[in-house]
Amino acid sequence: MTLQAENISKRYFRKTGAANYFYAVQPVSLTLEPGTVTVLMGRSGSGKTTLLHMLAGLLPPTEGQVRLGDRLLYTLGDAALSRLRNERLGVIPQGRSAVDTLTVLENVLLPGQLYGRAADAGEAQAWLDALGIGALRDARPGELSGGELRRMAIARALSQHPDVILADEPTGDLDDENTALALSALRGAAHDHGQAVFLVTHEADALRYADRAFRMDAGRMAEA
Amino acid sequence: MSIFSLSRKNLTRKPGRAAVLTLLIAFLSLAVFGGSVVVLSLRQGLASLEARLGADIIVVPSSAQSKVSFQNMFLQGTTGAFYMDVSSLDRALEVEGVEKAAPQTFLASLKADCCSIKIQVIGIDPAADFTVQPWIARSYSRELGDMDVAVGCKVEAEVGEIIRIYDQRCKVVARLEATGTGLDTAVYCNMDTMRALLAAAEEKGISHKITSDSEDSISAIYIKVQDGYDIDAVNSRLNGHIRKATAVRTRSMITGVSDSLAGISRTVTLLIAAVWALAFIILLLAFVLIIRERTREFAVLRLLGTSRRMLGRMVLLESALCSLLGGVIGIGVAALAVFPFSTLIETSLNLPYLRPALGVILLLAAGTLALAVIIGALASAGAAWRLSRVDPGTALREEN
């Protein structure tokens with residue numbers, strides 16, 4: 001399923017400065033095709049995460065619209081949009097994204113179970129193994145390092161088989177070896193399972209895994 | 001994983017957070033349930049006292065120091081005996097406005113070899129009595145025979161047992177319902193039995209005779225005033241007509257008790273209200289802290305596809321589980337504190353105290369639980385609303 005951003009922008013008001021608003025993201029159109037890895041690079045504060053949140057249905061754009069298949073995300077009510085995000089999108093946010101009261105395995109299984117889908121603990125375990133944290137399945141998030149938590153979030157997104165994976169700095173806390181593991185897994189999701197993968201990253205290495213690459217600077221996106 | 005099991009895990013795996021909420025609710029429930037049981041028991045006791053007195057006026061000998069000794073007999077079960085001539089009964093019946101007059105005779109047994117237990121014995125005249133017999137009838141359908149006694153619920157004697165009073169063998173034929181008053185420590189017999197007991201007491205040197213030529217003495221006369229007559233006026237007439245006796249309106253006895261009860265009720269209600277207000281504020285603060293602590297967790301859940309409604313449900317469910325558990329603990333602790341020590345409470349308050357029926361207690365417990373859940377839900381509603389409206393994008397960025 002294709003995720004399409006049609007001329008979306010995000011504008012914030014500010015109290016000081018010459019203009020009374022500024023663009024975090026300038027109007028941009030982007031299509032995330034199934035089976036492709038799209039990488040977006042750029043400096044901190046350039047608007048990458050804002051764009052990702054708009055694509056994920058988490059932040060309504062000031063202008064434009066986001067379409068997943070034939071459904072416009074921001075015309076949906078909260079319940080429908082939440083369910084669509086749960087079933088179709090796999091979001092890997094920056095930083096810690098674990099529910100502290102659940103174990104690592106329970107965290108990975110959580111999205112599917114929220115809406116009563118059958119949990120495939122075997123597959124979840126396989127992803128944890130593939131990302132090198134299989135032995136931590138029963139650990140609580142508080143016992144994990146930043147890098148291990150990032151890998152847990154990647155395993156969580158991959159094990160749900162979403163149509164689109166939106167990953168924000170997925171390798172931020174990882175060493176080279178684990179970065180390669182994580183990026184390979186995400187590329188496998190696109191190339192082997194036909195998912196659309198969108199990577200926001202600082203890592204120049206990620207370009208090696210990209211089918212398409214963009215750069216963002218001061219809210220303006222351009223082909224890299 | 002359903003929202004219910006997620007809520008359950010949130011509570012069991014963050015026990016500190018859950019414990020704070022549970023303890024607060026337990027404290028609230030303890031105050032409400034315990035306080036309400038005490039107040040209800042006092043009200044029940046007062047109602048029982050009114051029912052047992054059952055008369056508009058009681059005439060007692062002036063030697064009974066007016067109502068004080070008499071009131072103590074009712075409220076504390078202290079034994080006592082005071083007598084007036086039986087002719088006082090006829091004098092009372094002569095007074096205009098008196099519809100019924102029922103005599104009672106009191107005798108205190110001794111803590112000695114001649115008596116099984118130290119108790120207050122009250123003799124009634126079945127033909128005239130209109131206060132004690134309806135009470136006895138609830139436990140014993142026949143009339144009290146000679147040397148038969150009906151015992152109050154706090155008297156240590158079983159039905160069928162023989163108790164000795166001044167070496168007279170009396171058979172316990174009934175055990176009476178609790179009244180929450182001093183009457184629970186008394187035994188009741190007919191006037192013939194009482195005459196035999198008085199004679200036996202006389203032999204032991206306990207004199208009840210007012211004059212040497214009078215065989216019959218009575219201790220109190222219960223008066224029912226005819227409809228349409230002013231009770232105060234009849235009371236005055238009785239005071240003027242019967243020598244060496246004092247007529248006391250029962251209401252004046254009950255008013256003292258009622259005033260004390262009203263004072264205690266007010267104090268308990270104020271205490272409960274203060275505890276609830278304080279605990280509600282603490283609960284609100286606790287939820288404000290929880291909002292801060294859990295913003296990122298909720299942003300993550302939103303990111304994973306949890307709707308606002310589901311998140312709201314989760315917070316309310318957690319609050320309901322804590323409230324239910326806290327309610328049960330609070331009610332349990334209150335029950336352990338109030339029920340086994342009801343005699344102590346009765347003695348220290350010096351008021352009639354009668355535990356409400358089991359059904360009422362269960363209803364009160366259910367009401368307290370419902371109140372605990374409602375208060376928990378109200379306190380958490382703001383948190384549920386705010387957390388469900390967390391903008392996940394902003395929350396995740398702010399926390400990074």
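Visitor: Is B:Trp135 buried or exposed, and why is it classed that way?
Guide: In this predicted model, B:Trp135 is buried because its relative accessible area is 1%, and the cut-off for buried is under 20%.

Visitor: Which ring does B:Trp135 pair with?
Guide: B:Trp135 forms an edge-to-face aromatic pair with B:Tyr188, at 5.3 Å centre to centre and 80° between the planes. B:Trp135 belongs to helix α5 of chain B and B:Tyr188 to strand β8 of chain B, 53 residues apart.

Visitor: And B:Tyr188, buried or exposed?
Guide: B:Tyr188 is buried, also with a relative accessible area of 1%.

Visitor: How many aromatic pairs are there over all chains?
Guide: The count is six. One of them joins B:Phe82 and B:Phe106, edge-to-face, at 5.6 Å centre to centre with 85° between the planes. Both of these residues are buried. In chain A, ring pairs link A:Phe13, A:Tyr21 and A:Tyr23 into a cluster.

Visitor: Changing topic: how many residues of chain A and chain B are in contact?
Guide: On the chain A side there are 30 residues, in contact with 27 of chain B. The area buried between the two chains is about 2400 Å², with carbon and sulfur atoms giving 57% of it.

Visitor: What about salt bridges between chain A and chain B?
Guide: There are four. Among them, the side chains of B:Lys9 and A:Glu106 meet at 2.9 Å, N to O.

Visitor: Which element gives the largest share of the chain A side?
Guide: That is α2(A), with six residues. The residues on this side divide into eleven nonpolar, eleven polar and eight charged.

Key:
Residues are numbered from 1 along each chain as its sequence is written. Chains are lettered from A and ligands numbered from 1 in the order in which they are written. This is a predicted model: local features need pLDDT of at least 70, side-chain atom pairs count only at pLDDT 80 or more; totals for chains, interfaces and linings use all residues. Side-chain values use heavy atoms; hydrogens and water are left out. Contact means heavy atoms within 4.5 Å. Buried area is the accessible area (1.4 Å probe) that two parts lose on being put together, summed over both. Helices (H or I, at least four residues) and strands (E, at least two) are DSSP runs, numbered from the N terminus. Ala, Val, Leu, Ile, Met, Phe, Trp, Tyr, Cys and Pro count as nonpolar, Asp, Glu, Lys and Arg as charged, and the others, Gly among them, as polar. Rings of Phe, Tyr and Trp (its six-membered ring) pair if their centres lie within 6.5 Å; planes under 30 degrees apart count as stacked, over 60 as edge-to-face and the rest as tilted. Buried means under 20% relative accessible area, exposed over 50%, partly exposed in between (1.4 Å probe, protein chains only).
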